[in-house]
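Reader: Could you walk me through the disulfides in this one, with the cut-offs spelled out as you go? I'd like a close look at one link in particular.

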Amino acid sequence: MNWTYIENRTLEEKVNVTFQLKYRKLEDNAAVYKRVFVRQMIKDCWLWLKLNEASVSWKDFPRRLDCQAWFPGHEERRGVAIVLVRLNVPCARGYLHFSGLNTSQHQYIRSHKQAHLCGKLEELSDTDRHIYFPSSHTAPFLHLHGSPMFAFSYRTVDYCYNMTFLGRNGSFELKPSDDLECTFKIYLPYGNRVALTLQIGDSTSTGTPDTAIDLQERKSGDIKCEGLLTQLLDGESAWWHCTRPGDAEKQIQILSRENKVVLRVSVRSSSGSALGLRMIYKAEAVDEIVG
């Protein structure tokens, strides 16, 4: 195989590379066949990360002053969660800049505030080490400048991966799915508790709706649930409930001990059932504090 490099700076700075492949077929060894391929070369350091989950370090990048790498997921309307695990570079010698839409059409989604990251990892805040970009019409990307030593892991996440509620009341309904992972954080002013109502179950079930509260106290280790797993973190307390395919819809009402709670919901079901959840909350004032 031969290839040639032709640079034509008069045509919008395009650079092409031509590959010429000559080969013979086993059944016709006398004849020589030829194929020619022409590809446009990207002069800049532009990379596209293809895997939905991977670990990346400075060793994966060519030695260039500037590089850009785009993250996957936006075509499937998925967000990206990034964890920076290593960083060591004087700010005068380089930096990392994770960039993307840091606002969302949904008022409950918080994403990463863009910043140039340099210095040492232990000098960074937790929000600069854990970076989240919600799903959008454009892919988030990394701008690498200079020669930093770094490493990070990333994975694409669901549309409800990181949702924060700050109002005195609100609601959210999950779309039925057989594979989902969500986090809802509710923060109320001091002196209030969260009055939370969860409507969960299989919408295709013909059983009688159940209103009994059967949240289980959370224990150490992973919780196995083939269905919809709901976990509620309320201060030092943690509770969970597993809804399985075919379970009738039920309503669970909870009054928190503190002014903030975290609700984690994951769906793992291979039966194709219509497991869903609707969350409704409102602030309930503590008379001894608010009056």
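Author: The link of C225 and C242 is right-handed, with 85 degrees about the S-S bond. The sulfur atoms of C225 and C242 sit 2.0 Å apart, and a disulfide here is a pair of cysteine sulfur atoms within 2.5 Å. C225 lies in the loop between β18 (216-217) and β19 (227-234) and C242 in strand β20 (residues 237-243), so the pair ties together parts that are 17 residues apart in sequence. Strands are DSSP runs (E, at least two residues), numbered from the N terminus.

Quick caveats: this is a predicted model, where local features need pLDDT of at least 70, side-chain atom pairs count only at pLDDT 80 or more, and totals for chains, interfaces and linings use all residues. Residues are numbered from 1 along each chain as its sequence is written, and side-chain values use heavy atoms, leaving out hydrogens and water.

Back to the cysteines: C225 is buried at a relative accessible area of 14%, and C242 counts as buried at 8%. Buried means under 20% relative accessible area (1.4 Å probe, protein chains only).

As for the rest, a search of the whole structure finds 4 disulfides. One of them joins C45 to C67, S to S 2.0 Å. That pair links distant parts of the chain, with C45 in strand β4 (residues 45-48) and C67 in strand β6 (residues 66-70), 22 residues apart. Both C45 and C67 are buried. Number the bonded cysteines in sequence order and the pairing reads 1-2, 3-4, 5-6, 7-8.

Definitions and conventions. Helices (H or I, at least four residues) and strands (E, at least two) are DSSP runs, numbered from the N terminus. Buried means under 20% relative accessible area, exposed over 50%, partly exposed in between (1.4 Å probe, protein chains only).
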